[in-house]
Amino acid sequence: MTETVPGPRYTTYVPLEDLAPAPGNPKKHEIERIIESICTHGFVDQPIADERTGTILGGHGRREALIEMQARGERLPGGLLLDNDGGWLVPVQRGWASLSDAEAKALNIKLNKIGADGEWQPRSLAAYLEDIVTADAELFDSLAIPEDELESLLCQIDPETLPGAVNEGQAPLLNLADDSSHSLGGDGLSPDDEGRARLATCPACGHAFTLGR
């Protein structure tokens, strides 16, 4: 399959109100989480335009988040520009065009689905999380990792093989044997702990993560 407009991709700044969404875009978005990410890190992931249709294929959630931020009177996010009238200009990736509506819809789905389908590498992810939570606990909380995913991850990690450990070069061991200090299978509460926040201790760094945040 050959694309209609071959050539390099490039970036142009487009007025926010001119970003036309793909009709019937099927992806749902957690707008508040996108807004939090943009406020924390700036606007770092450009929407992708379809030159044939004049609509965007990737970036619908970011578009909605920016519209909401502007309506709330938020300050201009890093990565955007202002036009002469104070309007927000959004960086958009240009240079790709679909051959048909079917191809445009297929790419729309792929842009949202392929990345989500990949699984994490538990050892590498645990090392990343350790670095983040050690440096900035609020930044770790902003990741909003679901409780069950965090529990599953921590149950798979052999701390002796993480970066900096004595046995770092060894293959990671999964499915650690149950141990009262590391097991995450239960709710982590004693009969006297009702009402307290649930904690899970990371076997890699010893940090007590508050679950369900």
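Keep in mind that the model is predicted. The protein has 6 helices and 7 strands, and 29% of its 213 residues count as buried.

**Overall layout**

- Take the contacts with a separation of 6 or more: 66% of them come from residues 24 or more positions apart.
- The accessible surface comes to about 13200 Å², and carbon and sulfur atoms hold 51% of that.

- Leu-66 is worth a click: setting aside neighbours within four places in sequence, it's in contact with Leu-16, Ile-38, Phe-43, Pro-77, Leu-80, Trp-88 and Val-90.

**How H1 and H2 meet**

- The two helices pack with their axes 9 Å apart, at an angle of about 75°.
- That angle of about 75° falls in the 65 to 115 range, so H1 and H2 are roughly perpendicular to each other.
- On the H1 side, the contact is made by Ile-31, Ile-34, Ile-35, Ile-38 and Cys-39.
- On the H2 side, Gly-61, Arg-62, Glu-64, Ala-65, Leu-66, Glu-68 and Met-69 take part.

- H2 has 12 residues and reaches 17 Å from its first C-alpha to its last, close to the 16 Å you'd expect at 1.5 Å a residue.
- The buried residues of H2 are His-60, Gly-61, Arg-63, Ala-65, Leu-66 and Met-69.
- After H2 comes Gly-73, which has a positive phi, near 80°.
- Helix H4 (residues 122-135) has 14 residues and should span 20 Å at 1.5 Å a residue; its end C-alpha atoms are 20 Å apart, which agrees.
- Within H4, you'll find Leu-125, Ala-126, Ala-127, Leu-129 and Val-133 buried.

**Two residues to look at**

- Asn-108 sits in helix H3 (residues 101-117). Its relative accessible area is 4%, and buried means under 20%, so Asn-108 counts as buried.
- Not counting residues up to four places away in sequence, Asn-108 touches Ala-22, Asn-25, Pro-26, Leu-57 and His-60. Of these, His-60 is one of the buried residues of H2.
- Lys-27 is found in the loop between strand S1 (10-15) and H1. Its relative accessible area is 37%, which lies between the 20% and 50% cut-offs, so Lys-27 is partly exposed.
- Lys-27 and Gly-61 are 34 residues apart along the chain, while their C-alpha atoms are separated by 8.3 Å. Gly-61 is buried in H2 and also belongs to the H1 and H2 contact.

Key: Residues are numbered from 1 along each chain as its sequence is written. This is a predicted model: local features need pLDDT of at least 70, side-chain atom pairs count only at pLDDT 80 or more; totals for chains, interfaces and linings use all residues. Side-chain values use heavy atoms; hydrogens and water are left out. Contact means heavy atoms within 4.5 Å. Helices (H or I, at least four residues) and strands (E, at least two) are DSSP runs, numbered from the N terminus. Buried means under 20% relative accessible area, exposed over 50%, partly exposed in between (1.4 Å probe, protein chains only). Accessible areas come from the Shrake-Rupley method with a 1.4 Å probe; for residues, only the protein chains shown count as cover. The expected span of a helix is 1.5 Å times one less than its number of residues. Axes are lines fitted to C-alpha atoms, for helices over the stretch in contact, and angles run from 0 to 180 degrees between N-to-C directions. Angles under 35 degrees count as roughly parallel, over 145 as roughly antiparallel, 65 to 115 as roughly perpendicular and the rest as oblique.
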